[in-house]
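Student: Hi! I have a structure open and would like to talk it through with you. Can we go over it together?

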Amino acid sequence: MARPSLKFLTLESTCDETAAAIVTDDLQVLASVVASQEKLHRQYNGVVPEIAARAHLERVLPVIDETLRRAGLTWEAIDCVAVAHTPGLVGSLLVGVSAAKTIAFVFDKPLVAVNHLHGHIYACRLASGMEVFPCVGLVVSGGHTHLYRCAAPSDFELLGGTIDDAAGEAFDKVATMLGLPFPGGPAISRISNDGDPNAYSFPRSFLKDADRLEFSFSGLKTAVRYAITGPGKKDVQAVKLSSQQVADLAASFQEAVVDCLVAKTKAALKVTNLKTLCVGGGVAANPRLRSRLASMAESLGVTWHIAPVELCTDNAVMGAIAVEQFRAGALAPLELDVRPGLVRN
Ligand code: KG4
Ligand code: ZN
């Protein structure tokens with residue numbers, strides 16, 4: 001008789017989504033719940049850390065309850081608890097980590113600490129049902145833009161990343177300049193469909209420096225500001241743009257970001273000589289980026305995986321990477337602490 005699969009409760013609270021999932025050690029998803037805080041942060045055009053932490057606190061137990069209910073499981077039926085403990089907002093991380101440690105202690109279950117960024121790549125493994133390692137991993141999210149050499153689920157080497165804003169952060173800030181709602185990525189990608197990507201000639205950092213596996217989006221952001229206001233004028237909100245101008249600015253900005261992401265990912269594939277590409281993170285939901293990466297990978301003869309749209313933005317299903325860590329015996333102690341800062345791997 002086949003052995004019953006092990007059930008992992010995975011928790012995610014690194015930024016502004018409170019999420020829980022039940023995944024099995026054969027990578028079946030039994031339930032997944034995501035409570036988004038978008039509405040709470042919209043009026044500030046960005047995530048307010050204190051508001052995010054309080055909202056996590058209110059939601060974490062109802063979200064776990066609902067996840068167990070959907071999976072038809074009791075607390076005792078869980079075999080392992082996993083939680084994203086790095087990187088993210090300190091107050092947000094603390095809520096998930098405290099909840100996970102408490103569950104592990106009270107029910108005497110093993111605890112696994114997950115790197116949120118590695119989880120974004122693992123979403124490709126889970127969704128494809130295929131072995132994806134070794135691969136080049138591109139994580140494009142609100143807080144990070146990282147290129148990795150992923151030798152194995154437990155062996156990620158950072159090849160390069162952004163030296164200033166993350167891609168998603170640039171989308172969010174440019175959307176605010178254009179009077180579009182938070183989060184800016186979906187709004188910009190929608191409105192770009194009506195715009196001309198060549199209407200404005202925006203900078204593409206380090207593109208000529210082919211070997212440099214880094215990104216910079218802060219100059220691009222400033223270029224968009226000047227395109228709106230003209231040099232010298234400070235208040236972007238005071239400028240009235242036509243809807244066509246907004247669409248052209250959005251499309252031209254998006255194209256510049258996509259050009260950089262595609263070029264540097266291509267360079268990473270060449271440098272590493274790896275034949276598989278995995279892409280995850282909120283910005284990976286962008287249709288233009290998805291199709292450009294697909295064409296690039298196909299032109300190189302590389303197998304590519306992009307997380308399905310629902311697994312691009314933050315969720316707990318991607319915490320399934322804990323299954324690999326559990327198998328390797330990499331358990332976390334009950335003294336587990338959060339690691340908010342930028343991780344170098
Ligand atoms: O991975 P994620 O949910 O959270 C972090 O870990 O940061 O990513 C959120 C980011 C936001 O900046 C949001 O604007 C961006 O992903 N995003 C998009 C799209 N959907 C979400 N950016 C571009 N195009 C999209 N369709
Ligand atoms: Zn994320």
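This is a predicted model: local features need pLDDT of at least 70, side-chain atom pairs count only at pLDDT 80 or more; totals for chains, interfaces and linings use all residues.

Student: Which helices supply residues to the side of domain 1 that touches domain 2?
Tutor: Helix 1 (38-42), helix 4 and helix 10 (321-327) each supply at least two residues there. Helix 4 gives the largest share of that side, with four residues.

Student: How many residues are in contact on each side?
Tutor: On the domain 1 side 16 residues are in contact, and they meet 24 residues of domain 2.

Student: What about the area the two domains bury between them?
Tutor: About 1600 Å², of which 71% is on carbon and sulfur atoms. In domain 1, the residues that lose the most area to domain 2 are Leu117, Ile121 and Cys312, and together they make up 44% of what that side buries.

Student: Now for the metal. Which residues coordinate the zinc ion (ligand 2)?
Tutor: The zinc ion is held by His116 and His120, each through NE2, and by Asp314 through OD, at 2.1 to 2.2 Å. The spacing of these donor residues in sequence is H-x3-H-x193-D.

Student: Where are His116 and His120?
Tutor: They both lie in helix 4 (residues 116-128), four residues apart, which is about one turn of the helix. His116 and His120 are both buried.

Student: What does the side chain of Asn115 reach?
Tutor: The Asn115 side chain reaches the backbone nitrogen of Leu117, at 2.8 Å. Asn115 itself belongs to strand 5 (residues 111-115).

Student: Is Asn115 buried or exposed?
Tutor: Asn115 counts as buried because its relative accessible area is 9%, and the cut-off for buried is under 20%.

Student: Changing topic: where is Phe133 found?
Tutor: Phe133 is in the loop between helix 4 and strand 6 (135-140). With a relative accessible area of 12%, Phe133 is buried.

Student: Which residues does Phe133 touch?
Tutor: Leaving out residues up to four places away in sequence, Phe133 touches Tyr122, Arg125, Cys150, Ala151, Ala152, Pro153 and Phe156.

Student: What does the salt bridge count come to overall?
Tutor: The count comes to 15 salt bridges by this rule. One of them joins Glu38 and Arg42, whose closest N and O atoms are 3.4 Å apart.

Student: Where do Glu38 and Arg42 lie?
Tutor: Both are in helix 1, four residues apart, about one turn of the helix. Glu38 is partly exposed, with a relative accessible area of 30%, and Arg42 is partly exposed as well, at 37%.

Student: And what about Arg288? Which side chain does Arg288 meet in a salt bridge?
Tutor: Arg288 meets Glu255 at 2.8 Å, N to O. This pair links distant parts of the chain, with Arg288 in helix 9 (residues 287-300) and Glu255 in helix 8 (residues 243-272), 33 residues apart.

Student: Is Glu255 buried or exposed?
Tutor: Glu255 counts as buried, with 10% relative accessibility. Arg288 counts as partly exposed, at 33%.

Student: Which residues are joined into one network by salt bridges that share partners?
Tutor: That network takes in Arg204, Glu255, Asp259, Arg288 and Arg292.

Note on methods:
Residues are numbered from 1 along each chain as its sequence is written. Chains are lettered from A and ligands numbered from 1 in the order in which they are written. Side-chain values use heavy atoms; hydrogens and water are left out. Buried means under 20% relative accessible area, exposed over 50%, partly exposed in between (1.4 Å probe, protein chains only). A polar contact is a pair of N or O atoms within 3.5 Å; within protein, one must be able to donate a hydrogen and the other to accept it, and residues adjacent in sequence count only if both atoms are side-chain atoms. Donors are N, O and S atoms within 2.8 Å of the metal (3.2 Å for Na, K and Ca); water is not among the atoms, so sites may look incomplete. Contact means heavy atoms within 4.5 Å. Buried area is the accessible area (1.4 Å probe) that two parts lose on being put together, summed over both. A salt bridge is a side-chain nitrogen of Lys or Arg within 4 Å of a carboxyl oxygen of Asp or Glu.
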